[in-house]
Amino acid sequence: MKTIGIIGLGVMGASFAARLSQQGISVIGFDKSEDTIQTALKKGIIQKGTTHPKDYLSLCDQIVICLYPTQIETWIRTYQSYLSKNTLLMEISGVKTGILTPLQEMLRSDLEIISIHPMCGRESRGIEHSDPAIFDQANYIVIPTEKNSQSAIDQAVELGKILQVGHIATLSVEEHDRMIGFLSQLTHVIAVSLMNTHENSHLVEYTGDSFRDLTRIAEINEDLWAELFLLNKEILLDETDQFIASIKHFRDALESEDTEEMKRLFIQSTKRRKLFNR
């Protein structure tokens, strides 16, 4: 039986571990918190776990790294000597530019790392918010480079199938980061900005679903998302500028009472939104 190690049992890492365990995969969890390890063991999320990676790393056929992007390189430098020959590493960070190439260059010659990105993150943090159901019908992206073998790509795709995601796609690093800048990062910028537009705690008794739906992701992990935004800075700045231009265009139509243009924008947005309905 294949053994998969999960590095970091936060909301994503523990969700990975729980789904893999459900599928009969032997899962070893690694985390800096002993309380988190014990919680994972008690809930059956993992079969083994430790705060000392060197103890169990050699038992893993694959490693899924669920750490903040800036923590990955240090982890690999510290622990790659304990990995068995031909171990495949997969990392799930939300931005790939500036991360993947240095990792591939520093890795032992008998090891390989490939990027994956399940599009199903959660705004909360910690193992208590983990849920294997987040993978149901989720989009799952494999991001190979020219340094990745076909075997690694196949294993990354197979992992998506084991997770029971809804759709598996392949993108280049550049395509991924441009896509994520619009679909994920810009949407977080909008939600955060909307929540910060007014001091609105007094409105909680009057709000409806539209405000709740639009601002769900404004409840945000500030440490992680600050890293992701800075790592994808140029793309996110461009996407933000395009959004500002779109907002200004709508404002101009409203100011001039251009009913036809507002209706055109409503119709266009309705058509585009229908493509995303599951």
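E239 lies in helix α9, residues 233–255. Helices here are DSSP runs of H or I with at least four residues, strands are runs of E with at least two, and both are numbered from the N terminus. The model is predicted, so local features need pLDDT of at least 70 and side-chain atom pairs count only at pLDDT 80 or more, while totals for chains, interfaces and linings use all residues. Residues are numbered from 1 along each chain as its sequence is written, and side-chain values use heavy atoms, with hydrogens and water left out.

**E239 and its surroundings**

- E239 counts as buried, at 8% relative accessibility. Buried means under 20% relative accessible area, exposed means over 50%, and partly exposed is in between (1.4 Å probe, protein chains only).
- The side chains of E239 and R178 are joined by a polar contact of 3.1 Å. A polar contact is a pair of N or O atoms within 3.5 Å; within protein, one must be able to donate a hydrogen and the other to accept it, and residues adjacent in sequence count only if both atoms are side-chain atoms.
- Leaving aside neighbours within four places in sequence, E239 is in contact with R178, G181, F182 and L186. Contact means heavy atoms within 4.5 Å.

**Nonpolar cores**

- A nonpolar core is a set of buried Ala, Val, Leu, Ile, Met, Phe, Trp, Tyr and Cys residues joined through side-chain atoms within 4.5 Å.
- The largest such core has 37 residues, and I6, F16, L20 and L159 touch the most other members.
- At least two residues of this core come from each of β1 (3–7), α1, α2 (34–42), β5 (88–91), β6, β7 and α5. Helix α1 gives the most, with seven residues.
- I6 is in contact with G13, F16, A17, L20, V27, I28, G29, F30, V64 and C66, leaving aside its neighbours within four places in sequence.
- A second, separate core holds 26 residues, including C60, W75, L89 and I113.

**Aromatic pairs**

- A pair of aromatic rings is described by the distance of the centres and the angle of the planes.
- Rings of Phe, Tyr and Trp (its six-membered ring) pair if their centres lie within 6.5 Å; planes under 30 degrees apart count as stacked, over 60 as edge-to-face and the rest as tilted.
- The count by this rule is five aromatic pairs.
- F16 and F135 have ring centres 5.1 Å apart and planes at 70°, so this pair is edge-to-face.
- F16 is in helix α1 (residues 11–22) and F135 is in the loop between β6 (112–118) and β7 (139–143), so the pair ties together parts 119 residues apart in sequence. Both F16 and F135 are buried.
- Y79 and Y82 have ring centres 6.4 Å apart and planes at 50°, so this pair is tilted.
- One aromatic cluster is formed by W75, Y79 and Y82. Y82 is partly exposed, with a relative accessible area of 31%.

**Helix α5**

- Helix α5 (residues 150–163) has 14 residues. Its first and last C-alpha atoms are 20 Å apart, close to the 20 Å expected at 1.5 Å a residue. The expected span is 1.5 Å times one less than the number of residues.
- The buried residues of α5 are A152, I153, A156, L159, G160, I162 and L163.
- Q164 follows α5 and has a positive phi, near 65°.

**Cysteines**

- The structure holds zero disulfides. A disulfide is a pair of cysteine sulfur atoms within 2.5 Å.
- The closest cysteine sulfur to that of C60 is in C66, 13 Å away, too far for a bond. C60 counts as buried, at 3% relative accessibility.
- C120 is in no disulfide, and its nearest cysteine sulfur, that of C66, is 10 Å away. C120 counts as buried, at 6% relative accessibility.

**Loop residues**

- N86 is not a glycine, yet its phi is positive, about 70°. N86 sits in the loop between α3 (69–79) and β5. N86 is exposed, with a relative accessible area of 57%.
- E257 also has a positive phi, near 55°, in a residue other than glycine. E257 is in the loop between α9 and α10 (259–274). E257 is exposed, with a relative accessible area of 65%.
- H129 is in the loop between β6 and β7. H129 is partly exposed, with a relative accessible area of 39%.
- H129 touches V11 and S124, not counting residues up to four places away in sequence.
- The C-alpha atoms of H129 and R216 are separated by 15 Å, and the two residues are 87 residues apart along the chain.
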